[in-house]
Amino acid sequence: MQDIEKRIAQLKEEKNAVILAHYYQTGDIIDIADMVGDSYGLSRKAKETDADMIVFCGVKFMAESAKILSPEKKVLLPVPDAGCPLADMVTSSDIERLRREYPGSAVVCYVNSTAEVKAESDICVTSANAVDVVKSLKEERVVFVPDQNLGHYVAEKVPEKEIIPFSGYCIVHHQVSVDDVKKVLDAAPDALLLVHPECTPDVVNKADFVGSTAQIIRHVQQSNHKKFIIGTEMGILHVLKKKNPDKEFYLLTPKLYCTNMKKTKRLDVLHALQYGSMKLRSRKKSWNVRKKA
Ligand code: SF4
């Protein structure tokens with residue numbers, strides 16, 4: 001195991017590479033990464049480095065986003081079939097159809113979408129800035145793709161606009177139920193409930209705090225509270241426990257496990273560095289992400 005780690009470090013140096021790990025990766029991957037974060041934050045940070053190569057431990061749309069922001073760098077996804085079902089739920093032909101159905105509307109896509117969908121949309125948002133960006137648009141009607149739950153969350157926070165959420169959903173967060181919330185609150189009644197807006201509106205409405213993975217981590221660090229129920233993918237617990245050894249964490253439900261995010265192993269990272277894996281091409285049309293979080 002140590003040999004793999006050593007070899008990864010050597011190859012990283014030789015190839016002038018940087019390893020990025022999303023918060024939902026396994027602890028094993030997080031521990032060898034140069035940067036850990038959420039998808040857009042990582043792509044932005046990687047762009048600022050002078051690395052020639054980015055190894056993105058995450059899912060395909062994340063590596064695509066890194067390539068869009070750093071077209072001059074080689075971007076590798078260690079497991080080429082690590083995809084995101086949510087991102088694949090909307091296609092560019094859906095966008096064309098929605099534009100015909102809702103003429104004059106702004107088309108806003110969540111960063112969890114394919115490069116093709118981003119290129120067809122008017123603007124791209126993260127779960128952290130979706131509310132602010134939608135508020136800032138001049139259009140009164142907004143088509144929001146692909147996540148219906150984030151779309152509903154935005155609609156609730158921006159009642160002055162008409163939001164048309166697409167029907168997609170994250171297969172991990174969408175399955176959390178109010179019953180799961182009830183059970184965990186029975187076990188830890190004095191814990192704060194923090195959830196991701198990819199959860200359904202009935203779960204979101206029960207939360208003490210709703211935010212992206214990075215916002216949940218920040219909230220825990222800034223809070224004086226000692227116990228937290230975490231309503232997002234379980235990988236985040238590794239980082240939360242490391243950063244807050246004095247605090248207690250409960251996972252909202254064991255269902256919060258993304259198989260695609262857990263596909264990457266250290267050997268895949270080694271192989272990617274050694275032989276290269278799926279190389280990502282930059283798309284012709286770029287997309288916008290408002291920087292304000
Ligand atoms: S947790 Fe959901 S949105 Fe994230 S990669 Fe897995 S399926 Fe996609």
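**Notes on the model**

1. S212 lies in the loop between strand 10 (209–210) and helix 11 (213–222), where helices (H or I, at least four residues) and strands (E, at least two) are DSSP runs numbered from the N terminus. S212 is buried, at 2% relative accessible area (buried is under 20%, exposed over 50%, partly exposed in between, with a 1.4 Å probe and protein chains only). Leaving aside residues up to four places away in sequence, S212 touches S127, A128, H196 and P197 (contact means heavy atoms within 4.5 Å).

2. This is a predicted model, in which local features need pLDDT of at least 70 and side-chain atom pairs count only at pLDDT 80 or more, while totals for chains, interfaces and linings use all residues. Residues are numbered from 1 along each chain as its sequence is written, and side-chain values use heavy atoms, with hydrogens and water left out.

3. Around the ligand are Y24, C84, P85, L86, N112, C170, E198 and C258 (a heavy atom within 4 Å of it).

4. There are 16 salt bridges, each a side-chain nitrogen of Lys or Arg within 4 Å of a carboxyl oxygen of Asp or Glu. One of them joins R266 to D28 at 3.8 Å, N to O; this pair links distant parts of the chain, with R266 in helix 13 (residues 266–275) and D28 in helix 2 (residues 27–30), 238 residues apart. R266 is buried at 8% relative accessible area, whereas D28 is partly exposed at 35%.

5. A further salt bridge pairs D246 with K226 at 3.1 Å, N to O. D246 is partly exposed, with a relative accessible area of 48%, and K226 is also partly exposed, at 44%.
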